[in-house]
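Reader: I should like to go through this structure with you. Could we begin with the terms and then turn to the details?

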Amino acid sequence: MHLLVGLDIHQTEVRLLQLTKIKQQIILKNFTLAALPEGAMVDGIIKQISNVQTAVDAVVAKTVTFGSAVAIGLPGNQVTSKQLKFPREWPLAAIATEIADNLYQYLPDGDKEVWFDFSLLQNQSSDYQEVVFVAAAKNYVQPFLDIAMKAGLLPKVIDVAEHIYSRLSLEVFNLLIQGEFALVAPRFRVAYGLACRSHKTW
Amino acid sequence: MVEINLLPWRKVLQEKQMRILQLLGVTGCSFLCLLWLILHFYFTHLLFVKRLHAQEVQKQAIQLQQQEQITQVLEKLNTKQLAIYHFFQQIAHTASPPLFLTSLSRHGNEIRLTGKAISMQDITILQHHLSSSILEEVKQVSPAEINFQIKMVVNL
């Protein structure tokens with residue numbers, strides 16, 4: 001099993017967390033953070049690329065994670081997230097085609113170039129299946145990718161912070177943390193959720 | 001559980017699957033071509049060997065036929081030789097002094113014996129011993145010398 005490095009570029013700091021697997025047990029290997037100067041990131045948009053780059057470089061150097069596969073967390077501010085309903089009998093391929101064909105109907109700003117993905121929600125009771133659709137403009141996502149790549153990381157997943165929170169319950173997370181990490185743990189929750197990503201999608 | 005990845009992984013996955021399919025297709029086609037080539041060469045070789053064998057059998061049959069013909073000819077010749085041997089044996093037994101043969105000639109199926117005898121009785125005995133012989137010519141040269149010629153029809 002390949003483990004990802006979780007990179008969370010937050011409004012005030014950059015957080016990096018790395019897990020490792022020893023004898024079927026996943027344990028914490030590295031966690032570090034670097035503060036961002038004020039104004040480097042405003043409303044989830046990277047305003048000062050060089051400052052963010054310096055912070056990311058610092059956390060990568062500190063944890064010696066050059067060349068590692070990374071999952072990047074995006075703040076939810078600039079991401080369109082919608083819940084869609086499709087007939088239950090539709091296969092996943094049909095849903096994918098439907099979303100791709102009607103992509104711009106779901107986007108409020110009408111961005112020319114967007115990156116999108118969707119995930120099925122487990123809903124057994126109703127006659128339809130619910131799908132969470134997420135899209136972000138390419139020029140919004142690209143700086144995150146560029147910064148990670150310049151720091152020597154290999155981006156494999158770009159996820160949205162809100163979904164990571166919903167996926168990872170705090171109780172489970174608190175059980176996993178130990179020692180000094182417990183003090184800063186909540187700040188690493190997104191990075192931890194990213195590092196725990198399943199690898200089906202990359 | 002909601003798992004989102006904004007990177008174009010679906011497209012990458014699709015391309016990867018397509019590549020695998022193409023690779024499988026190419027591999028399958030190559031394998032079929034290879035199989036076809038192997039079968040083609042195998043059957044061509046088999047056909048060649050069979051043809052070669054057939055040619056050899058044919059050659060052997062011809063040789064056998066020729067040998068049979070030669071054997072037949074030899075058998076015929078042997079039979080003829082026996083006839084000639086028998087003929088000369090007859091002459092050797094019967095044409096003893098006081099009867100002498102001076103010449104022996106052949107014209108087709110006819111053999112002419114020419115000789116000298118003291119008496120006509122000796123010539124008659126010789127003629128009697130030689131089957132299907134005709135006394136053609138008898139000439140008294142002197143009281144003790146008669147020239148004769150006997151014609152025989154033989155199947156040599």
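Author: The expected span of a helix is 1.5 Å times one less than its number of residues. Helices (H or I, at least four residues) and strands (E, at least two) are DSSP runs, numbered from the N terminus. This is a predicted model, in which local features need pLDDT of at least 70, side-chain atom pairs count only at pLDDT 80 or more, and totals for chains, interfaces and linings use all residues. Residues are numbered from 1 along each chain as its sequence is written, while chains are lettered from A and ligands numbered from 1 in the order in which they are written.

Reader: What span should helix α4 of chain A have, and how far apart are its end C-alpha atoms?

Author: The 13 residues of α4(A), residues 138-150, should span 18 Å at 1.5 Å a residue, and the end C-alpha atoms are 18 Å apart, which agrees.

Reader: Which residues of α4(A) are buried?

Author: They are V141(A), F144(A), I147(A) and A148(A). These residues cover an arc of only 125° around the axis, which puts them on the same side of α4(A). The arc is that of the directions from the helix axis to the C-beta atoms. A residue is buried if 20 or more other C-beta atoms lie within 10 Å of its own, exposed if 12 or fewer, and partly exposed in between, with C-beta atoms placed from the backbone.

Reader: Which residues are exposed on the other side of α4(A)?

Author: N139(A) and M149(A) are exposed there. As for what follows α4(A), G152(A) has a positive phi, near 95°.

Reader: Where is confidence lowest in chain A?

Author: In helix α6(A), residues 170-176, with a mean pLDDT of 56, whereas α1(A) is highest at 95. pLDDT is the predictor's confidence in each residue, from 0 to 100. Chain A averages 84, and 85% of its residues score at least 70.

Reader: Turning to chain B, how many helices and strands are there?

Author: Chain B has 2 helices and 4 strands, in the order α-β-β-α-β-β along the sequence. Buried residues make up 8% of its 156 residues.

Reader: How do β1(B) and β2(B) pair?

Author: Strands β1(B), residues 99-107, and β2(B), residues 110-117, pair in the antiparallel sense over 8 bridges. Two strands pair if DSSP finds at least two bridges between them. They form a hairpin with 2 residues between them, and G108(B) in the turn has a positive phi of about 65°.
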